[in-house]
Amino acid sequence: MLPSTQSSTAVPDPGEAAKSAPPGPPPSRARRPNRWLAWGFLAPATLYLVAFYAYPLYRNLELSLREYTVRSFVQGGAPFAGLDNYRTVLTDPAFGSTLTHTLVFTGASLVFQFTIGMALALFFHQHFPLSRTLRALILVPWLLPLIVSASTWSWLLNSDSGLVNAALGVVGIDQVNWLTSPGWSLASVIIANIWIGIPFNLVVLYSGLQAIPIEMYEASALDGASSWQRFWGITFPLLRPVSAITLLLGLIYTLKVFDIIWIMTKGGPTNSSATLATWSYRLGFGNLLPEFGPGAAVGNLLIVMALIAGLVYIRIQRRQNLP
């Protein structure tokens with residue numbers, strides 16, 4: 001008989017392995033400090049959102065559903081009105097023209113801001129001498145306080161002493177009443193808003209251009225593609241995500257523009273440049289007898305318009321991400 005052999009690898013005893021393992025806290029106790037730490041980091045942001053977003057939205061909704069006067073606004077006790085304030089706003093003769101002005105102001109501003117911003121982004125993407133200096137100078141309108149920008153444009157477009165009319169007079173064009181004519185007041189505030197919004201579009205689109213690999217342009221140039229073909233075949237498709245978020249943010253910002261219009265024209269003359277934002281302010285604070293309910297209702301309509309734009313953007317992004 002052959003002698004019995006023993007295996008060289010010994011199997012450790014489970015009891016001994018358990019004794020040699022270092023003791024640790026129970027899983028529930030180990031996770032609890034991390035959970036409290038996470039809530040501690042979230043607390044400042046949560047408090048900020050509740051104090052400056054959730055509560056104002058609730059307060060504005062509550063204002064639009066009650067019949068507030070100056071006395072009840074201070075002391076409370078305003079009667080519940082339901083949707084009466086919304087019916088008052090929607091049936092007001094000024095609603096149609098004000099909504100049209102809002103859409104024209106927003107649409108024209110977005111189109112020109114995005115188009116000029118894209119052209120400037122492509123221009124500065126060439127990295128020529130002094131490009132950084134010129135890019136910094138173009139950012140000045142975005143960095144200035146809005147009251148300064150609006151006041152500057154009010155002076156430039158002044159009918160009597162404005163620089164724009166003086167320049168038009170040199171080339172033989174008659175004086176234009178930019179801010180006091182119903183036919184030109186809306187165009188005037190659109191021009192000012194375009195000037196203020198171009199730097200934002202330039203910065204975001206220029207950042208998107210930096211992320212496009214230069215090898216793609218080099219390969220297309222070797223294939224004989226022209227500059228226009230490279231733009232439509234490479235630049236514009238790859239900039240779609242950046243362009244979409246740029247237009248969305250511009251839309252939300254432009255819908256609520258108030259200070260530029262109020263400083264330059266106050267929505268006049270004869271409401272020719274009034275938008276939903278200025279109309280909401282005029283209803284709530286611009287009359288001897290404030291109409292807080294209708295003013296809040298107009299503000300909520302602006303919120304709904306911005307929310308619809310955000311939902312459309314999310315839906316488009318989901319469709320593009322589907323395989």
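1. E218 is partly exposed, with a relative accessible area of 46%. The residue sits in helix α11, which spans residues 214-222. Its C-alpha atom is 10.0 Å from that of R230, 12 residues away along the chain.

2. The model is predicted. Mean pLDDT for the protein chain is 85, and 89% of residues reach 70 or more.

3. Helix α12 has the largest share, with 5 residues. By class, the lining has 5 nonpolar, 4 polar and 1 charged residues.

4. The largest pocket holds about 610 Å³. Two or more lining residues come from each of α2 (27-64), α13 (240-255), α15 (276-285) and α16 (292-321). The lining numbers 22 residues, and N60, S280, G299, L302 and I303 lie nearest the pocket centre. Helix α16 supplies the largest share, 7 residues.

5. S185 belongs to helix α10, residues 185-210. This serine is buried because its relative accessible area is 0%, under the 20% cut-off. Neighbours within four places in sequence aside, S185 contacts W178, L179, T265, G268, P269, S272 and S273.

Terms used. Residues are numbered from 1 along each chain as its sequence is written. This is a predicted model: local features need pLDDT of at least 70, side-chain atom pairs count only at pLDDT 80 or more; totals for chains, interfaces and linings use all residues. Side-chain values use heavy atoms; hydrogens and water are left out. Helices (H or I, at least four residues) and strands (E, at least two) are DSSP runs, numbered from the N terminus. Buried means under 20% relative accessible area, exposed over 50%, partly exposed in between (1.4 Å probe, protein chains only). Contact means heavy atoms within 4.5 Å. pLDDT is the predictor's confidence in each residue, from 0 to 100. On a 1 Å grid over the protein atoms alone, a cavity is a set of points where a 1.4 Å probe fits but cannot get out, and a pocket is an open set with protein on both sides within 12 Å along at least five of seven lines; lining residues have an atom within 4 Å of a point. Grid points are joined across faces, edges and corners, and a volume is the space filled by probe spheres set on the points. Ala, Val, Leu, Ile, Met, Phe, Trp, Tyr, Cys and Pro count as nonpolar, Asp, Glu, Lys and Arg as charged, and the others, Gly among them, as polar.
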